[in-house]
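User: I am new to this structure and would like to go through it step by step. Please take my questions one at a time.

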Amino acid sequence: MVDIAITVLSWLLLISGGFFLFVGSLGMIRLQDFWARLHAASIIDSAGAGLIIFGLMLQTGLTLVTVKFAIIIIFLFLTGPTASHA
């Protein structure tokens, strides 16, 4: 029962991350102002990639790969806002 709940939660995270990536990429194409496009790019980086990596963390279980995913998430959340602000 727990395996099914983890699988469903991970797929929800993967699908919602894909949704954020899709909406952010549409925003980068459709928005007219440079600052609005930059905001769409930061949504792709923070929300989309973060949710997908969290979903992948649930899929892999407690392994060394999960630790590597956690390091990637920390790196993304530290550098993403800095790059958008700069």
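The questions and answers below go from the whole chain to single residues of this predicted model.

User: Which pattern does the chain follow, read along the sequence?
Analyst: This is a predicted model. Its secondary structure comes to three helices and zero strands. Read along the sequence, the pattern is α-α-α.

User: What box do the C-alpha atoms of the chain fill, and what percentage of the residues count as buried?
Analyst: Taken along the principal axes, the box filled by the C-alpha atoms is roughly 50 × 20 × 10 Å. The chain has 86 residues, and the part of them that counts as buried is 23%.

User: How much of the accessible surface of the chain belongs to carbon and sulfur atoms?
Analyst: The accessible surface of the chain comes to about 6100 Å². The share that belongs to carbon and sulfur atoms is 79%.

User: Among contacts with a separation of 6 or more, what share is between residues 24 or more positions apart?
Analyst: The count takes the contacts in the chain with a separation of 6 or more. Of these, residues 24 or more positions apart account for 56%.

User: Against which helix do the buried residues of H1 pack?
Analyst: Helix H1 covers residues 2-30, which is 29 residues, and reaches 42 Å from its first C-alpha to its last, close to the 42 Å expected at 1.5 Å a residue. Its buried residues are Ser10, Leu13, Leu14, Gly17, Gly24 and Gly27. They pack against helix H2 (34-60).

User: Is serine 10 buried or exposed, and which side chain does its own side chain join in a polar contact?
Analyst: Serine 10 lies in helix H1. Its relative accessible area is 0%, under the 20% cut-off, so serine 10 is buried. Leaving aside neighbours within four places in sequence, serine 10 is in contact with Gly55, Leu58 and Gln59. The polar contact, at 2.5 Å, joins its side chain to that of glutamine 59.

User: Which residues does isoleucine 44 contact, leaving aside its neighbours within four places in sequence?
Analyst: Isoleucine 44 is found in helix H2. With neighbours within four places left aside, its contacts are Phe20, Leu21, Gly24, Ser25, Met28 and Ala49.

User: How far apart in space are isoleucine 44 and valine 67, C-alpha to C-alpha?
Analyst: In sequence, isoleucine 44 and valine 67 are 23 residues apart. In space, C-alpha to C-alpha, the distance is 22 Å.

User: Which residues does isoleucine 53 touch, not counting residues up to four places away in sequence?
Analyst: Isoleucine 53 is one of the five residues of the largest nonpolar core. Not counting residues up to four places away, isoleucine 53 touches Phe69, Ile72, Ile73 and Leu76.

User: Why is the pair of phenylalanine 19 and phenylalanine 20 edge-to-face rather than stacked?
Analyst: The structure holds two aromatic pairs. In the pair of phenylalanine 19 and phenylalanine 20, the ring centres are 6.1 Å apart and the planes are at 70°. Planes over 60 degrees apart do not count as stacked, so this pair is edge-to-face.

User: What is the centre-to-centre distance in the pair of phenylalanine 34 and tryptophan 35?
Analyst: Phenylalanine 34 and tryptophan 35 form an edge-to-face pair, with 75° between the planes. The distance from centre to centre is 4.9 Å.

User: Is phenylalanine 20 exposed or partly exposed?
Analyst: Phenylalanine 19 is exposed, at 52% relative accessible area. Phenylalanine 20 has a relative accessibility of 32%, which lies between the cut-offs of 20% and 50%. Phenylalanine 20 therefore counts as partly exposed.

Definitions and conventions:
Residues are numbered from 1 along each chain as its sequence is written. This is a predicted model: local features need pLDDT of at least 70, side-chain atom pairs count only at pLDDT 80 or more; totals for chains, interfaces and linings use all residues. Side-chain values use heavy atoms; hydrogens and water are left out. Rings of Phe, Tyr and Trp (its six-membered ring) pair if their centres lie within 6.5 Å; planes under 30 degrees apart count as stacked, over 60 as edge-to-face and the rest as tilted. Buried means under 20% relative accessible area, exposed over 50%, partly exposed in between (1.4 Å probe, protein chains only). Helices (H or I, at least four residues) and strands (E, at least two) are DSSP runs, numbered from the N terminus. The expected span of a helix is 1.5 Å times one less than its number of residues. Contact means heavy atoms within 4.5 Å. A polar contact is a pair of N or O atoms within 3.5 Å; within protein, one must be able to donate a hydrogen and the other to accept it, and residues adjacent in sequence count only if both atoms are side-chain atoms. A nonpolar core is a set of buried Ala, Val, Leu, Ile, Met, Phe, Trp, Tyr and Cys residues joined through side-chain atoms within 4.5 Å. Accessible areas come from the Shrake-Rupley method with a 1.4 Å probe; for residues, only the protein chains shown count as cover.
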